[in-house]
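Dear colleague,

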2 protein chains.
Amino acid sequence: MDAPVSFLDQLFSQGILHDSGVDGLYARSGMFEDVISRFEEFALGFGKDEITEAMVFPPGMPLSDFETSGYMKNFPQLAGTVHAFCGNDHDHMGLLQCVAAGEDWTDKQKATDVALTPAACYPLYPILSKRGPLNADGAYVALQSYCFRHEPSKDPARMQMFRQREYVRVGSADQAMAFRETWKQRGQEMMQILELPHEVEVANDPFFGRAGKMMGASQREQELKFELVVPVNSTSRPTACMSFNYHMDNFGKAWNIRQADGSAAHTACVGFGLERIALALFRHHGFDVEAWPSGVRSALWG
Amino acid sequence: MDAPVSFLDQLFSQGILHDSGVDGLYARSGMFEDVISRFEEFALGFGKDEITEAMVFPPGMPLSDFETSGYMKNFPQLAGTVHAFCGNDHDHMGLLQCVAAGEDWTDKQKATDVALTPAACYPLYPILSKRGPLNADGAYVALQSYCFRHEPSKDPARMQMFRQREYVRVGSADQAMAFRETWKQRGQEMMQILELPHEVEVANDPFFGRAGKMMGASQREQELKFELVVPVNSTSRPTACMSFNYHMDNFGKAWNIRQADGSAAHTACVGFGLERIALALFRHHGFDVEAWPSGVRSALWG
């Protein structure tokens with residue numbers, strides 16, 4: 001009996017994704033991209049009047065802000081920093097000799113002041129900080145970014161480079177909590193319209209190391225993070241396609257974002273894993289988008 | 001007398017781009033992104049029936065393919081490689097001590113098997129190569145990618161992270177050359193419709209070092225590269241917003257892409273610098289898109 005074909009191999013053979021030879025790094029077909037664009041349009045139909053501003057970030061952010069975020073404390077294993085050649089003609093000859101001999105040349109690369117963005121909302125906070133104290137309405141930003149996480153995997157829902165669309169609420173604790181509860185409901189409503197089986201559950205981030213285990217437990221206990229999960233690559237281990245996060249005033253303090261009364265702002269975000277949602281749609285509705293259920297088609301293609 | 005306000009500062013004060021503190025790394029406003037999306041739609045109206053396939057790449061590509069491309073030979077100063085923490089709990093404590101002391105922690109990062117994509121068409125060639133010899137029609141691919149070039153600058157048209165939309169022709173020398181000539185004409189037609197002042201000129205890539213000067217001169221002499229330039233940041237030094245490149249069979253040989261008769265494929269590409277074109281539109285038609293000339297508005301917003 002033949003081994004079952006993995007979902008990833010099916011995506012390759014159907015031409016939905018193209019293999020690059022590196023796990024988690026795939027070219028997207030025009031069709032896959034169209035599904036993502038349509039989902040983004042669909043998502044923007046929810047809460048449109050609440051959004052005060054839209055931004056799109058490049059895939060990298062300043063290394064100094066990345067340091068401020070504390071990401072290297074919490075998730076060093078997932079982070080990516082960008083390094084470059086900074087030598088002269090002579091150094092370049094040495095580099096080319098290494099390349100020609102099949103030796104490692106990358107240890108001569110020096111860090112630039114760019115880190116790959118690990119979570120789509122991180123570049124927002126320093127921008128808001130520079131604007132000075134918030135007014136009573138706070139901020140409500142729609143954003144999108146490529147993110148990088150160094151976790152090569154054969155699970156197509158665990159890419160190294162992927163896009164998150166996020167809505168971020170910055171203001172008082174009440175504003176942040178209310179926002180998160182609203183989006184927990186909306187997220188489920190969206191998944192119902194898209195006819196995807198889903199559940200919302202309390203979750204924790206994959207904090208690094210022994211100390212990280214305790215941080216994860218504490219995050220769960222305080223119910224700071226919820227995920228909406230959908231079976232994508234596996235039915236026994238469903239994939240987080242959305243997350244609903246309350247950061248308390250951690251980012252407000254780290255980046256000095258102030259409320260009108262001078263206290264540190266509270267933040268919350270809802271993140272949509274765009275590639276994961278597209279994959280969930282292909283998994284549950286098939287590889288031929290023309291044959292998707294009519295309700296799903298009309299939600300996405302109008 | 002006040003110093004004139006730079007174009008970059010105008011973009012910041014108008015909220016078209018947002019400063020990150022690192023030159024060449026900017027958040028894009030929703031309006032800026034809308035202009036880019038509209039331009040991409042507009043561009044897809046040209047040569048639509050010729051395209052055989054569409055792909056979108058993530059911002060990184062396999063390091064091994066990046067090595068094959070010869071980029072480190074030609075443009076080492078512009079390349080970015082992605083590095084990550086690969087240590088244990090003990091190493092992590094050392095890292096955090098470095099961060100806390102304000103010392104350099106990045107020299108402990110190790111190269112991953114991902115390089116940032118330097119030019120949008122590079123990830124395409126290994127994918128085509130794996131498919132075996134081309135048929136007589138060759139390939140005609142529409143693609144898009146974020147690219148990275150390590151050249152921090154106050155010129156907003158010289159970003160470190162930016163998007164290229166490209167059309168790539170792979171086949172015989174005649175097919176590649178005919179494609180490039182067609183797009184040289186189409187590019188000018190597009191700029192006329194968008195009412196942007198422009199010129200097409202022979203150009204060369206910024207090859208590294210002393211040997212690179214000769215390579216640039218040879219590239220010019222053979223007229224392998226043309227650029228469509230538009231004044232964006234400066235009238236005396238206009239910006240390349242499109243490029244029209246014939247690579248001969250260099251990439252066909254490097255990645256073993258074969259024509260039907262077994263000989264190495266020839267390739268040509270036309271690249272649109274999406275951020276540069278958006279900036280050119282803002283520069284020439286003003287910061288208020290509602291007030292752009294009616295011909296430009298109808299070309300972009302229909």
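Predicted model: local features only at pLDDT ≥ 70, side-chain atom pairs only at ≥ 80, totals over all residues.

Residues are numbered from 1 along each chain as its sequence is written, chains are lettered from A and ligands numbered from 1 in the order in which they are written, and side-chain values use heavy atoms, with hydrogens and water left out.

**Between the chains**

Chain A brings 62 residues to the contact and chain B brings 62 residues, where contact means heavy atoms within 4.5 Å. The two chains bury about 5,000 Å² between them, with 68% of it on carbon and sulfur atoms; buried area here is the accessible area (1.4 Å probe) that two parts lose on being put together, summed over both. On the side of chain A, the residues that lose the most area to chain B are A:Val56, A:Met72 and A:Trp105, together 11% of what that side buries.

There are 2 salt bridges between chain A and chain B, a salt bridge being a side-chain nitrogen of Lys or Arg within 4 Å of a carboxyl oxygen of Asp or Glu. In a salt bridge, the side chain of A:Arg210 meets that of B:Asp89 at 3.1 Å, N to O.

Strand 3 (residues 53-56) of chain A pairs with strand 2 (residues 26-29) of chain B in the antiparallel sense over 2 bridges. Strands are DSSP runs (E, at least two residues), numbered from the N terminus, and two of them pair if DSSP finds at least two bridges between them. Within this pairing, A:Met55 has B:Ser29 as its bridge partner in strand 2 of chain B.

**Within chain A**

The domain assignment divides chain A into domain 1 (7-80 + 118-301) and domain 2 (85-115), with bounds that come from an automatic or database domain assignment. Their C-alpha centres lie 35 Å apart, and 7 residues of domain 1 are in contact with 4 residues of domain 2. These two domains of chain A bury about 380 Å² between them, 60% of it on carbon and sulfur atoms. Of the area that domain 1 buries against domain 2, 74% is supplied by A:Met61, A:Leu63 and A:Gly80, more than by any other three residues. The count of salt bridges between the two domains is 0.

With best wishes

Terms used:
Helix = DSSP H or I, 4+ residues; strand = E, 2+ residues; numbered from the N terminus.
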